[in-house]
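Please look over the model below. Then read the short report that goes with it.

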Amino acid sequence: MEEYDIAVVGGGPAGIMAAIAASRNSSSVILLEKNSKLGRKLLMTGGGRCNITNLKPIKKLLNSYSQKNFLKHSFYIFTNEDLFSLFQDKGLGFIQEDDNRIFPETEKSLDILNVLTEYLDDVVISYNFEVESIRQGFIINDKIKADKVIIATGGITYPQTGCSIKNYSLTSQPLTDIKYGLVPLLTKKDLSDIAGATLYDVVISYKKSKVKGNVLFSHVGLTGPGIINLSNLISESITYNLLDDNPDFEFEIAIDLCPELSRDQLNDKFNRDFQDKGKTMLKNYLKLFLTNRFVDFFLDELDLDGEIQLSRINKKSKNRLIENLKRFPFEINGFNSDLSKVTIGGVDLSNVNAKTMESTLISDLYFAGEVLDVHGPTGGYNLKIAFSTGYLAGLSASAK
Ligand SMILES: Cc1cc2nc3c(=O)[nH]c(=O)nc-3n(C[C@H](O)[C@H](O)[C@H](O)COP(=O)(O)OP(=O)(O)OC[C@H]3O[C@@H](n4cnc5c(N)ncnc54)[C@H](O)[C@@H]3O)c2cc1C
């Protein structure tokens, strides 16, 4: 049986970073990866461009996560500056885009993976090795013995990248409910007519949760950063667990198409404009508030004639226009789960030491990345978790 100080299970960003940190401390490290290559999901990130992290100042960054207290130590131990210098030392720089999103200057995730792999010279990598059992001791698949194990098997989304719901049994830990995160929404209504259209900087709400951002219409429903971020809040607030079942979802969301004006302000504006611009056709007037492609859809939904002149609109129609500009509803009948980008839920954080990533139930067993009950919004926040928790797990396991 081969023996190692540390076995890392899973060669995604969290596992790779854990292996790098552990091997730097001259431990003998083996990285076990189910696929024939490392980082399959990493290659898909940011549409192949890899939005590697988010450059918000660290305190603001932490406030973007509901598990900020757990993540705090790992974020301070392995900062964005530490992450950048790892790549800059090998000649790869970064560019910044809106909302503090950071990408490699080459805009290729493959370059991120290649640099990370360069740091694995001292690590034994076993490809096509699917870990199926970790017995006490730790004996892996009855083939490998390790003093310490770091589990970095990721979540459940995009199973073609190597993720699988069955991996949670390897953790031997209590789990929180496993749910879809960062996921497009399916609408009851067929949106083919406006597929490809975008609403910019609208406010989307589900019950009391609100998110400002863009909404993109697809053939089957709604997506875009605003919807994707709201989906985390929706999924968190619904009780379900994919370990037990795959339930049907039905709920309503609403879009404030005109967030910069209150109902009263809109009412005043309409009263003025309906007099001053009385001859303007409604469909043209609405272009002040809505994108061209959305105007027809909006009028169809309200069953209003776009050719009507503003001066001829009655009070009831005016009120319906205002109500729908401020609260345009969509019936949702599910998550587009095939496109869910992260898993909500995982290893219960109350049994993991945030200062080391070690289990408080099983000594010498560590966790990193998405397998933990940690997730963030879209914009580099999830790779940030993978790299920081991975680094801390590798460092602690090798220092113990
Ligand atoms: C399409 C898409 C785009 C994304 N874009 C971004 C982005 O731009 N920015 C961002 O911050 N986040 C992004 N994310 C989220 C981000 O990719 C994940 O949060 C991150 O990859 C999690 O890293 P991980 O190492 O924990 O898990 P993973 O990347 O899932 O890696 C887990 C690894 O473990 C291996 N494995 C699993 N089970 C076993 C086993 N039993 N034995 C051996 N090996 C096993 C898998 O094959 C895999 O290689 C995106 C996700 C998707 C799906």
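The report covers a helix pair, a barrel and a ligand shell.

This is a predicted model: local features need pLDDT of at least 70, side-chain atom pairs count only at pLDDT 80 or more, and totals for chains, interfaces and linings use all residues. Residues are numbered from 1 along each chain as its sequence is written.

Helices (H or I, at least four residues) and strands (E, at least two) are DSSP runs, numbered from the N terminus.

**Helix pair.** The axes of α8 and α11 come within 10 Å and cross at roughly 140 degrees. Axes are lines fitted to C-alpha atoms, for helices over the stretch in contact, and angles run from 0 to 180 degrees between N-to-C directions. The two helices are therefore oblique to each other. Angles under 35 degrees count as roughly parallel, over 145 as roughly antiparallel, 65 to 115 as roughly perpendicular and the rest as oblique.

| Helix | Residues |
|---|---|
| α8 | 263–276 |
| α11 | 315–326 |

Arg263, Leu266, Asn267 and Phe270 in α8 meet Lys318, Ile322, Leu325 and Lys326 in α11. Contact here puts C-beta atoms, placed from the backbone, within 7 Å.

**Barrel.** Six strands form a closed barrel, in the order β11-β14-β13-β12-β15-β16, with antiparallel pairing. Two strands pair if DSSP finds at least two bridges between them. Three bridges join β12 to β15. Ile204 has Ile255 in β15 as its bridge partner.

**Ligand shell.** Of the 40 residues around the ligand, Gly10, Gly12, Gly154, Gly162 and Gly369 come nearest. A residue is near if its C-beta atom, placed from the backbone, lies within 6 Å. Helices α1, α2 and α12 each supply at least two residues of this shell.

Conventions:
Contact = placed C-beta atoms within 7 Å.
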